[in-house]
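Visitor: Hello! Could you walk me through this model?

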Amino acid sequence: MNSKAKGKRGELYVVNKFKDYGYKCNRTAQYKGNTGRADDIEGIDYIHAEVKFVENLNISKAMGQAVRDSEASEREAMPTVFHKKSREDLLVTMRFEDWIKLYGEYYSSMKLKERYKDDK
């Protein structure tokens, strides 16, 4: 399979995963043609998505690409690499500084949920 077709298949896979959870998004190239945007998926606000479906990923290089591309963008977005090997789960790689922001929000929502449950 050539790399362009494999990249398209990977991007569609990730887009469909997001859609399974109710998010409306599209492949950047497929949805609007060549838009000049560097991320692979459009519609996931505040996340700069770099999708890699390869057996031997250089994660440092992929993350470096995501960081550079997100910094060149006019919108603020966390550089994120979605990656998958054949017959394995989809993985997500982020910088710790970005991940901890997400965890902080998750932690807060879980604490609110606990508090609400205890108040009943």
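Guide: Gladly! This is a predicted model, where local features need pLDDT of at least 70, side-chain atom pairs count only at pLDDT 80 or more, and totals for chains, interfaces and linings use all residues. Residues are numbered from 1 along each chain as its sequence is written, and side-chain values use heavy atoms, leaving out hydrogens and water.

Visitor: Which strands does helix α3 lie across, and at about what angle does it run to β4?

Guide: Helices (H or I, at least four residues) and strands (E, at least two) are DSSP runs numbered from the N terminus, and contact means heavy atoms within 4.5 Å. Angles run from 0 to 180 degrees between N-to-C directions, with axes fitted to C-alpha atoms, for helices over the stretch in contact. Helix α3, residues 59–72, lies across β3, β4 and β5, and its angle to β4 is about 140°.

Visitor: In what order do the strands of the open sheet come?

Guide: Two strands pair if DSSP finds at least two bridges between them. The pairing in this sheet of 3 strands is mixed, and the order is β3-β4-β5.

Visitor: How many bridges join β3 to β4?

Guide: Strand β4 covers residues 78–83 and runs parallel to β3. Lys52 stands opposite His83 in β4. The number of bridges joining β3 to β4 is 6.

Visitor: Is Ser3 buried or exposed?

Guide: Ser3 lies in helix α1, residues 3–20. Buried means under 20% relative accessible area, exposed over 50%, and partly exposed in between, with a 1.4 Å probe and protein chains only. Because its relative accessibility is 67%, Ser3 counts as exposed.
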